[in-house]
Amino acid sequence: MPKIKKTESTAQRTARARMILWGLKKLYPDADCALVHQNPLQLLVATILSAQSTDTNVNRVTPGLFRRYPSARAFAKADPSELEREIHSTGFFRQKTKSVQGACRRIVEAYGGKVPDTMEDLITLPGVARKTANVILGTWFKKNEGIVVDTHVGRLAHRMELTWTSKDEKDAVRIEKDLMELIPREEWTFFGHAMILHGRRVCAAKSPNCPGCALSDHCPSAFTFPSKQAMLPGKRAGG
């Protein structure tokens, strides 16, 4: 991973971040959460299920799941073994069942069956940390309380050198803090969604498509990765 350039001032980094934001707006003007949902409870459950799984896989599971359990009370009263079977394909199904039911029980007991709309309340729900709360607040309640930092956002923030206090791309708390200093608050939700899309479509973990990246002019890591051709067996770079 390239070293952060010590010659870049805070003002220069901020200006570069704004250019990246502008580029993301051109690329993904309608960037939004990929998890299919119709209310905040569905989004909450889907986000919990998305851990260590793909949005596509979660979206295959949730239509039937939400028909069977249409409310927080229904999830809370569900037979755990049946719920485990319903969500088995998303992985870590036992822990996810505990998280979903624990969160729904608290929603019923403390919030009258309605998903709360503040960071302070959301993070009291079992299985809900700041990232999940950011998804719900920004996507459903349209409240910019933070920036979602998943594996894609963490990876891109480091490659684009938009974080300077984090230890690595998994240091979500510090990455989010740094990004919040660079990106205008009204763009926090959009920025997270757009960065996730860019990470999926262009800036992949193993072989980022730098030649096809519209943001490469603003990324210090651009073209520093082995090309796909260079990584083919028996193929040497330039050979």
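# Salt bridges, buried helices and packing

Me: How many salt bridges does the structure hold?

Reply: A salt bridge here is a side-chain nitrogen of Lys or Arg within 4 Å of a carboxyl oxygen of Asp or Glu. The model is predicted, so local features need pLDDT of at least 70 and side-chain atom pairs count only at pLDDT 80 or more, while totals for chains, interfaces and linings use all residues. Residues are numbered from 1 along each chain as its sequence is written, and side-chain values use heavy atoms, with hydrogens and water left out. The number of salt bridges in the structure is 11.

Me: Where does Arg185, the partner of Glu145, lie in the chain?

Reply: The side chains of Glu145 and Arg185 form a salt bridge of 3.3 Å, N to O. This pair links distant parts of the chain, 40 residues apart, with Glu145 in the loop between α8 (130–139) and α9. At relative accessibilities of 33% for Glu145 and 44% for Arg185, each counts as partly exposed. Arg185 lies in the loop between α10 and α11 (188–201).

Me: Which residues are joined by salt bridges that share partners?

Reply: A further salt bridge, of 3.0 Å N to O, pairs the side chains of Arg174 and Asp171. In that pair Arg174 is partly exposed at 39% relative accessibility, and Asp171 counts as buried at 10%. Shared partners make one network of Glu8, Arg13 and Arg16.

Me: Which helices do the buried residues of α8 pack against?

Reply: Helices (H or I, at least four residues) and strands (E, at least two) are DSSP runs numbered from the N terminus. Eight of the 10 residues of α8 are buried, which leaves the helix mostly covered; they are Thr132, Ala133, Asn134, Val135, Ile136, Leu137, Gly138 and Thr139. With contact meaning heavy atoms within 4.5 Å, these buried residues pack against α2 (40–49), α7 (119–122), α10 and α11.

Me: Which residue caps the N-terminal end of α9?

Reply: Helix α9 is largely enclosed by the rest of the structure, because eight of its nine residues are buried. Those include His152, Arg155 and Arg159, and their cover includes α10 and α11. After the helix comes Glu161, with a positive phi near 55°. At the N-terminal end, a side-chain oxygen 3.0 Å from the backbone nitrogen of His152 belongs to the capping residue, Asp150.

Me: Which side chain besides that of Ser166 makes a polar contact with the side chain of Thr163?

Reply: Thr163 is in the loop between α9 (151–159) and α10 (172–182), and at 2% relative accessibility it counts as buried. A polar contact is a pair of N or O atoms within 3.5 Å; within protein, one must be able to donate a hydrogen and the other to accept it, and residues adjacent in sequence count only if both atoms are side-chain atoms. Thr163 and Ser166 are joined by such a contact of 2.7 Å between side chains. The other contact of the Thr163 side chain, also listed at 2.7 Å, is with Asp178.

Me: How many charged residues are in the contact of α3 with α5?

Reply: Helices α3 (residues 55–68) and α5 (residues 80–87) pack at about 155° with axes 9 Å apart, where axes are lines fitted to C-alpha atoms, for helices over the stretch in contact, and angles run from 0 to 180 degrees between N-to-C directions. They are therefore roughly antiparallel, since angles under 35 degrees count as roughly parallel, over 145 as roughly antiparallel, 65 to 115 as roughly perpendicular and the rest as oblique. The contact is made by Val61, Leu65 and Arg68 of α3 with Glu82, Leu83, Glu86 and Ile87 of α5. Counting Ala, Val, Leu, Ile, Met, Phe, Trp, Tyr, Cys and Pro as nonpolar, Asp, Glu, Lys and Arg as charged, and the others, Gly among them, as polar, the classes are four nonpolar, no polar and, for charged residues, three.

Methods: Buried < 20%, exposed > 50% of the residue type's maximum accessible area, 1.4 Å probe, protein only.
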